[in-house]
Structures are given as C-alpha cells and as structure tokens.
Amino acid sequence: MRTTLTLDDDVATLLSKEARRTGAPFKQVVNQTLRLGLIAAKQPARKPFVVKPMNLGLPPFEKVEELLEYLEGPDHR
C-alpha cells in the first residue's frame, strides 16, 4: 500500500539513524518499527514486581551503620 505520512522531526531523525546503522532502506526501517510497535501495543501490561517484606525479628534501625554494628557487634572495628 502506498500512502503519504508526515513524521515528527525527532521520529524521522531516529528512523534515519536506524536506517544508516543497519544499512536497510528507510521504507523497511519504517515498516519494521511500526510492526514492532503495534505488536508491543497488543501485549498485556506486565504486573509490577513487588517485594514482600519479611519480619526478621530485628529491632528497627534508622541508619545502615546501626544495623552493621548490631550484626557485627560493638567490638568489631
């Protein structure tokens, strides 16, 4: 299909750089980039990685130095 497309300057620059980098024709780079973008847009969003805290039975510490002193002992210098 042949069509006219107006690209934003930044997009055109990125596509031109990719065409130079790969040695592929500009048309091929545009089609491949659109194809990858459309496929990615169909993918469901990933669930964010969540860290679940665990109670280790330690007293609360305000600074890392306090934790290190607690773990290593006061005489460890």
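Author: The largest pocket is lined by M1, R2, T3, L5, L7, F26, K27, V30, N31 and L34. A pocket here is an open set of points on a 1 Å grid over the protein atoms alone, where a 1.4 Å probe fits, with protein on both sides within 12 Å along at least five of seven lines; a lining residue has an atom within 4 Å of a point. This is a predicted model, in which local features need pLDDT of at least 70 and side-chain atom pairs count only at pLDDT 80 or more, while totals for chains, interfaces and linings use all residues. Residues are numbered from 1 along each chain as its sequence is written, and side-chain values use heavy atoms, with hydrogens and water left out.

The volume of the largest pocket is about 360 Å³, taken as the space filled by probe spheres set on the points, with grid points joined across faces, edges and corners. Its lining comprises six nonpolar, two polar and two charged residues. Ala, Val, Leu, Ile, Met, Phe, Trp, Tyr, Cys and Pro count as nonpolar, Asp, Glu, Lys and Arg as charged, and the others, Gly among them, as polar.

As for the chain as a whole, it has three helices and zero strands, in the order α-α-α from the N terminus. Helices (H or I, at least four residues) and strands (E, at least two) are DSSP runs, numbered from the N terminus. The radius of gyration is 27 Å, well over the 11 Å that the globule rule gives for 77 residues, so the chain is more spread out than a compact globule. That radius is taken over C-alpha atoms, and the rule is 2.2 Å times the number of residues to the power 0.38. Along the principal axes, the C-alpha atoms fill a box of roughly 75 × 30 × 20 Å. Of the 77 residues, 8% are buried, where buried means under 20% relative accessible area, exposed over 50%, and partly exposed in between (1.4 Å probe, protein chains only).

P59 lies in the loop between α2 (26–42) and α3 (64–72) and is partly exposed at 34%. From A12, P59 is 47 residues away in sequence and 57 Å away in space, C-alpha to C-alpha. In helix α3 lies L71, exposed at 54%. L71 and L58 are 13 residues apart in sequence, with their C-alpha atoms 9.8 Å apart.

There is one aromatic pair. F61 and Y70 form this tilted pair, at 5.4 Å centre to centre and 55 degrees between the planes. Rings of Phe, Tyr and Trp (its six-membered ring) pair if their centres lie within 6.5 Å; planes under 30 degrees apart count as stacked, over 60 as edge-to-face and the rest as tilted. F61 is partly exposed at 29% relative accessibility, and Y70 is partly exposed at 46%.
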